[in-house]
Amino acid sequence: YLKISKLALAFAIIHSKPPGKCSKEYTEHLARTVSEQDFGWKWKVEVLEAEVLRLRQELLLNRISPRFCLENRKQDTSAETLLGQESINPTSYSSQLEDSGCDVCNDSAFDSLGIASDFHQSEHNVNTSKYWLERVPPLNLCHTSKEQSLTAPVHFLQRLLEIRKLSERGVLQADFSELENDSFTICNSMSQLLDGLTFFYNSPEFPAPGFLTEGVCVLLSLITDTKLSNHVLKKCFKKIEEFKKNLIQIILRNRSVNRFQALHSVSQTLGLLGRNNILRNSLISLLLSGVRQFAEQLVQAHQVQSVYDIAQYENIFLLCMILEQLLQNETEESNISSSDYGGEEKIKFLKNLDQVILHLSDEFPLFSLYLWRVSVLLNSGQMQ
């Protein structure tokens, strides 16, 4: 039947082709026309899906706190002036543009992207997000872009955080049990946020756009909020795990010449995610797996005297530093048991580690030192 259909289509094209044009050219013209129509329909579907999600977000916020949504509608343009005075302002990037980006040990590199400082500022300044929320623009249905795919969920989640803060101060009445009844909206919003962050971390811009800073601040605020984090992590745990894996791969696979400042900001985001007790163990396991696999590849390349990926060797130290930081934090917190972190990956990492260090210590002393330091922290946790 399929062959007969194809043959009938071919005859129809041949008989209907305009004069002066061969069958091949006419077929390609028809294919382009159909493809453009499909693209138009896909674009319309994406726009409508975005609008449906925005409406569901507004409905969810209204169910959680009707008064908050009503007061937001009454705000006038004076909020624009307040925003200019109070809102989060990314740090100046002049020093970043002048720097070569080769100093990965400079802690100010992450602050220069505006993420760490803005995260702490957002924790201590309750009114900041309020002014931001009052001027949140509606979704523009005439234009969808990668920037908007990140800013749209950020605006919704910022409003959710603001309701949480105002309810904690007794200003608003809020019912967060509604989050349990609408997992679709919160999951899709978080998914958009994490996909947007992954996209911009994969292709970083200098200076970093402000909406990227805001997205990271919102994500960190959500997973550290005592009331909202349970809802978010329970519904979006797999997506957050995928996000962490993507960040680790971004660090390992980046081979651009002037990459270290961008990768340092990614590593700092991973470190901040690791402060969450629920996310920490799985992140330690992922980092142990990445470092162990690279060490095994390096041993194999050293034994057969083959070439190895120099860029990945340089990048692996960022994972080692994150891992060491998380393990140090784990052992220093007396209220958390440190004997079980890492799980199966911890056993794999420590197995034959002495032999690995012995093979690599002459050619790769710094990496061997990091492996040893990580093993000491793992063993100290086990002894506790």
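Which residues in H12 meet which residues in H14? In this predicted model, Val216, Leu219, Leu220 and Ile223 of H12 meet Thr269, Leu272 and Leu273 of H14. The legends below take up this contact and several other views.

**Figure 1. Overview of the chain.** The predicted model holds 19 helices and 0 strands. Of the 384 residues in the chain, 45% are buried. Among contacts with a separation of 6 or more, 80% are between residues 24 or more positions apart.

**Figure 2. The packing of helix H12 on helix H14.** Helix H12 covers residues 210–224 and helix H14 covers residues 260–273. The two pack at an angle of about 15°, and their axes lie 10 Å apart. H12 and H14 are therefore roughly parallel to each other, and their crossing is right-handed. On the H12 side the contact is formed by Val216, Leu219, Leu220 and Ile223, and on the H14 side by Thr269, Leu272 and Leu273. By class, these residues are 6 nonpolar, 1 polar and no charged.

**Figure 3. The packing of helix H13 on helix H14.** Helix H13, residues 228–253, packs with H14 at an angle of about 150°, with the axes 10 Å apart. That angle makes H13 roughly antiparallel to H14. The crossing of H13 and H14 is left-handed. From H13, the residues Phe243, Lys244, Leu247, Ile248, Ile250 and Ile251 take part, and they meet Leu263, Val266, Ser267, Thr269, Leu270 and Leu273 of H14. The contact of H13 with H14 comprises 9 nonpolar, 2 polar and 1 charged residues.

**Figure 4. Helix H2 from end to end.** Helix H2 runs through residues 23–64 and has 42 residues. From the first C-alpha to the last, H2 reaches 61 Å, close to the 62 Å expected at 1.5 Å a residue. The buried residues of H2 are Tyr26, Val47, Glu51, Leu53, Gln57, Leu60, Leu61 and Ile64.

**Figure 5. Two loop residues with positive phi.** Most residues other than glycine have a negative phi. Gln305, however, has a phi near 55°. Gln305 sits in the loop between helix H15 (277–303) and helix H16 (310–332), and it is exposed, with a relative accessible area of 65%. Asn352 likewise has a positive phi, near 60°. Asn352 is placed in the loop between helix H17 (343–350) and helix H18 (353–360). At 51% relative accessibility, Asn352 counts as exposed, since the cut-off for that class is over 50%.

**Figure 6. Glu147 and its contacts.** Glu147 belongs to helix H9, residues 146–168. With a relative accessible area of 42%, Glu147 is partly exposed. Leaving aside residues up to four places away in sequence, Glu147 touches Phe200 and Phe211. Glu147 and Phe211 are 64 residues apart along the chain, and their C-alpha atoms are separated by 7.7 Å.

Notes. Residues are numbered from 1 along each chain as its sequence is written. This is a predicted model: local features need pLDDT of at least 70, side-chain atom pairs count only at pLDDT 80 or more; totals for chains, interfaces and linings use all residues. Side-chain values use heavy atoms; hydrogens and water are left out. Axes are lines fitted to C-alpha atoms, for helices over the stretch in contact, and angles run from 0 to 180 degrees between N-to-C directions. Helices (H or I, at least four residues) and strands (E, at least two) are DSSP runs, numbered from the N terminus. Angles under 35 degrees count as roughly parallel, over 145 as roughly antiparallel, 65 to 115 as roughly perpendicular and the rest as oblique. A crossing is left-handed if the near helix is turned anticlockwise from the far one by less than a right angle, and right-handed if clockwise. Contact means heavy atoms within 4.5 Å. Ala, Val, Leu, Ile, Met, Phe, Trp, Tyr, Cys and Pro count as nonpolar, Asp, Glu, Lys and Arg as charged, and the others, Gly among them, as polar. The expected span of a helix is 1.5 Å times one less than its number of residues. Buried means under 20% relative accessible area, exposed over 50%, partly exposed in between (1.4 Å probe, protein chains only).
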